[in-house]
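User: I am new to this structure and would like to go through it in questions and answers. Please show it before we start.

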Amino acid sequence: MIKIFKTIWKWLDDRLGISVLISPALHIAPQDAKWWYVFGSATLCAFIIQVASGVALAFSYIPSSSQAYETLQFITNVAPFGRFLRGLHYYGASAMVLMIGAHMAQTFLFGAYKFPREMTWTTGILLLTFTLGMGFTGQLLRWDSTAAWSVVVAAEQAGRVPLIGNWLAQVILGGTSIGGATLSRFFAIHVFVLPGIMFAFIGLHLWLVMRHGISEPPVADKPVDPKTYRAEYEELLKKSGKPFWPDLAWRDVVVTTGLVIAIALAAFFVGPPALDRPPDPSVLAADPRPDWYLLWYFGLLSLIPERIEGYVMIGFPILIGLCLLFVPIWNHKGERAASRRPWAIASVCLAVIMIGALWWEGDHSPWSPNFDAQPLSEKVVGAISGPVFTGAKLFHDKGCLNCHLIQGDGGRRGPELTYIADKLTRDNLVIRIVNGGTNMPAFGPSLKPGELDALVAFLETRKRPVPGEKQANQTASSSTSATK
Amino acid sequence: MNTSLTESSTAPSAETPEEISRRRFVEKLSIGLIGLCSAIVGVPLVGFILAPFFRKPPENWVTIGKPDDFELGKTVAVTVTDPSPLPWAGVTAKSGVWLRRVSADNFIAFSANCTHLGCPVRWLPDADLFMCPCHGGVYYSDGKVAAGPPPLPLFRYDVRVENGEVQMKQAIVPISTAL
């Protein structure tokens, strides 16, 4: 029986070349390439999850502007395993972004982008770009209100590109406004164009890994010399190399197993992101936000000075992309060990801190007005009638509370005004309200007689309580305020 | 098997000028034919994908109601439906604009898109302001920038009263091309 199987295997192997096909997995690699080297495999694993879950979702998803939202509801709420699959696709995307970031940081810190692996790095950077493109287009396929408005935001950003901006915006919108063509185009890009390109580049990336070998862990004071590196690497492999499978690959398998379990657990217990309202552009009470992996860019656009915003919007991604692409061209030899390249450690730390801080800001978005701000409570106002009460009501109705915080209520767009009376005099308050200021509209023209006095009366009660006295805003009576 | 393939792909050492010339000819012929095939398939393909973006923006007038449907001085959100949407556009054929009746026959239609990044601005009637939820752009009631990052005032669409109907030019997403 075994003999028959062996004969069949030999025939198949001869005709299909299976041994030749899987032989790269058996290539010899440096034996010290251990746990730090698992992120590339983890990224590939996440990509495979994306392909598999994406294909499954496509069985039910209809890329039509009129039906996509309903099919997503069907997938999430009705189809067996649909919610889990959506979650798998979402957390798989998140894992892919995280793993590609970790892989890039490890490669950079280990100096593995240096000779002869410059193009391996370059193809990796392009794969990072495509991955972020997949993330963005994927968010849009969640065809709800946020997705539809995110298309508009993307079109507006593209519109800032000199000369071809308007045309680029139309390409993104699929016309001059959101409509039937918008979603189907993003679907084609997300499902066919980008994955096709990514398959090609992943193949190229892996081919280059095979061609130049897995980089050995760096050793301090052992710089890369292009003249001698290849011979030294060959010597190292001859001396202490191990077959990738299974001697080294088992660690990749362990980590990717952990990753798959983590993604599955998140998909099962946390579930996919909730769908917003239907993608009706006539509903104007929308508040579009990007998915978490692009929140840092949302934060950046909010925090940069307005006068240079357009340049940053266009130039920043190009500059970062070019820097990353050309890193190995500028710095292709010399020390690889991070201990001899403090600037490399500083760059990675700076990037992590910068993206982390911007992400935090983007997530909290203090620059966004709080449209859900409720009128201040009686306890906070400290009056139930009179100018202070009226002023507090106006403070809400005029939208002041959307941007200013008072005792924990309101928005954070402008300065907190809980104790504003300690800082500004009555005259200063009047000037500020009437004329506006940096990032504050002038309310003078829209205030009716008496409204300004009421507003000022209310704000004058916003004082820090003096020890031993009752809180000013609790004792402020309408009559005393009225006299001011 | 591999050996024979390698052998067959290696040029014989002693070739006549005619053979070399023939090889160059068939090489060029093959490359030319591949280019022709690519053009036959590629030109319509690229044209199909890109042609819609070279179309002129729609100039249709769309009826949005009768003048008396709108209270004098009030700013309200109105829904404008694309008169000729793709059949599968669904709710995306609709657009929202802010309309104000200034006088009996005079209306202003503001685009709902913030000129900063296109987010939908909201009208705060008591404050007489438009406010954007994304980055806090604020506009006065005439659409001029009051605060925040918007580089331009709110765009306005053409509105007219014709045959007892309020009509406006089809709402397209205005793109702020200013750096």
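Analyst: From the N terminus on, chain B runs α-α-β-β-β-β-β-β-β-β-β-β-β. The model is predicted.

User: How many helices and strands does chain B have?

Analyst: The order of elements in chain B starts with α-α and goes on with β. Counted by type, chain B has two helices and eleven strands.

User: How far apart do the C-alpha centres of domain 1 and domain 2 of chain B lie?

Analyst: Chain B is divided into domain 1, residues 2-52, and domain 2, residues 61-169. Between the C-alpha centres of these domains of chain B the distance is 58 Å.

User: What radius of gyration does chain B have?

Analyst: The C-alpha atoms of chain B fill a box of roughly 95 × 40 × 30 Å along the principal axes. For a compact globule of 179 residues the radius of gyration would be near 16 Å, whereas chain B has 30 Å.

User: Is A:Gly111 buried or exposed?

Analyst: A:Gly111 lies in the loop between helix 5 (82-109) and helix 6 (118-141) of chain A. A residue counts as buried if 20 or more other C-beta atoms lie within 10 Å of its own. A:Gly111 has 25 other C-beta atoms within 10 Å, so A:Gly111 is buried.

User: Which residues is A:Gly111 in contact with, leaving aside neighbours within four places in sequence?

Analyst: A:Asp13 is 98 residues away along the chain, and its C-alpha atom is separated from that of A:Gly111 by 39 Å. With sequence neighbours within four places left aside, the contacts of A:Gly111 are A:Pro218, A:Glu335, A:Arg336 and A:Arg341.

Technical notes: Residues numbered from 1 in each chain as written. Chains lettered and ligands numbered in written order. Predicted model: local features only at pLDDT ≥ 70, side-chain atom pairs only at ≥ 80, totals over all residues. Domains from an automatic or database assignment. Helix = DSSP H or I, 4+ residues; strand = E, 2+ residues; numbered from the N terminus. Buried ≥ 20, exposed ≤ 12 C-beta atoms within 10 Å, placed from the backbone. Contact = placed C-beta atoms within 7 Å. Rg over C-alpha atoms; globule rule 2.2 N^0.38 Å.
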